[in-house]
Amino acid sequence: MTHEEMKESLFSILDDKALRLDDYTYLIFNRSWNIIGEDFTIIVRYFFDSSILFRSVNATRIALIPKVEISTTMNDFRSILCCYNVMYKCIFKVIVNKLKGIFPKVIGHAHAIFVPGRKIFDFILLTQELMHNYHLASSMTKCALKIDIKKAFDMISWDFILMGLKAIGVPG
């Protein structure tokens, strides 16, 4: 993790529309880089060296978006996490930039995300088209699975994910 990689990651974040939870915009960090750059780099590098993220860096707002017209239980809401801290976003951008070189090796042609030009909505439409006449009789054996992504996400083995990332060469 170099000083230049962190600078490049920070400067590539274009959003400067609103103040963040830390009350600083990206523009302030960009324009004062010659003053704060070294300290900023030390703090970001600390995260990558120790895997410890300061609580103030991870300040996040949680918004609940209703899934149905009349919401009566917590399952009727989808939670959206909005992290507005510039340092957090920079750390995230550094990780994304590191993974970009690995994605082509581990993402197949059938995957919809993390591939430039592919949109998950296109795959939703394709699935609807495929399922439209699925119930009609045919000589071909068929199988369809509907997976509850929320339950699957809650059951992810993060140790396994981290071991897999390490196995394909993701630094960390």
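Student: How are H1 and H4 oriented to each other: roughly parallel or roughly perpendicular?

Tutor: This is a predicted model, in which local features need pLDDT of at least 70, side-chain atom pairs count only at pLDDT 80 or more, and totals for chains, interfaces and linings use all residues. Residues are numbered from 1 along each chain as its sequence is written, and side-chain values use heavy atoms, with hydrogens and water left out. H1 and H4 (residues 86-100) pack with axes 9 Å apart at an angle of about 110°, where axes are lines fitted to C-alpha atoms, for helices over the stretch in contact, and angles run from 0 to 180 degrees between N-to-C directions. Since angles under 35 degrees count as roughly parallel, over 145 as roughly antiparallel, 65 to 115 as roughly perpendicular and the rest as oblique, H1 and H4 are roughly perpendicular.

Student: Which residues in H4 are met by Glu5, Met6, Ser9 and Leu10 in H1?

Tutor: Contact here means heavy atoms within 4.5 Å. By that criterion, Glu5, Met6, Ser9 and Leu10 in H1 meet Val86, Cys90, Lys93, Val94, Asn97 and Lys98 in H4.

Student: How many nonpolar, polar and charged residues does the contact of H1 with H4 have?

Tutor: Ala, Val, Leu, Ile, Met, Phe, Trp, Tyr, Cys and Pro count as nonpolar, Asp, Glu, Lys and Arg as charged, and the others, Gly among them, as polar. On this scheme the residues of the contact of H1 with H4 divide into 5 nonpolar, 2 polar and 3 charged.

Student: With which side chain does the side chain of Ser9 make a polar contact?

Tutor: Ser9 lies in helix H1 (residues 3-11) and, at 2% relative accessibility, counts as buried; buried means under 20% relative accessible area, exposed over 50% and partly exposed in between (1.4 Å probe, protein chains only). Apart from neighbours within four places in sequence, Ser9 is in contact with Cys90, Lys93, Val94 and Asn97. A polar contact is a pair of N or O atoms within 3.5 Å; within protein, one must be able to donate a hydrogen and the other to accept it, and residues adjacent in sequence count only if both atoms are side-chain atoms. At 3.2 Å, the polar contact of the Ser9 side chain is with the side chain of Asn97.

Student: What separates the C-alpha atoms of Lys93 and Ser9?

Tutor: Lys93 belongs to helix H4 and is partly exposed at 25% relative accessibility. Beyond its neighbours within four places in sequence, Lys93 is in contact with Ser9, Ser12 and Ile13. Lys93 and Ser9 are 84 residues apart along the chain, and their C-alpha atoms are separated by 5.7 Å.

Student: How are H3 and H4 arranged: roughly perpendicular or oblique?

Tutor: The axes of helix H3 (residues 33-50) and H4 come within 11 Å and cross at roughly 60°. H3 and H4 are therefore oblique.

Student: How many nonpolar residues does the contact of H3 with H4 have?

Tutor: Phe40, Ile43, Val44, Phe47 and Phe48 in H3 meet Met87, Cys90, Ile91, Val94 and Ile95 in H4. By class, this contact of H3 with H4 has no polar and no charged residues, and the number of nonpolar residues is 10.

Student: How do H1 and H3 lie: roughly parallel or roughly perpendicular?

Tutor: The axes of H1 and H3 cross at roughly 105° and come within 10 Å. That angle makes H1 and H3 roughly perpendicular.

Student: Is Ser51 buried or exposed?

Tutor: Ser51 sits in the loop between H3 and strand E1 (60-66). Its phi is positive, near 60°, in a residue other than glycine. With a relative accessible area of 54%, Ser51 is exposed.

Student: What is the count of buried residues in H8?

Tutor: Helix H8 (residues 158-167) is hardly covered. Among its 10 residues, the count of buried residues is 0.

Student: What pattern does the protein follow along the sequence?

Tutor: Helices (H or I, at least four residues) and strands (E, at least two) are DSSP runs, numbered from the N terminus. The protein has 8 helices and 2 strands. Read along the sequence, the pattern is α-α-α-β-β-α-α-α-α-α.
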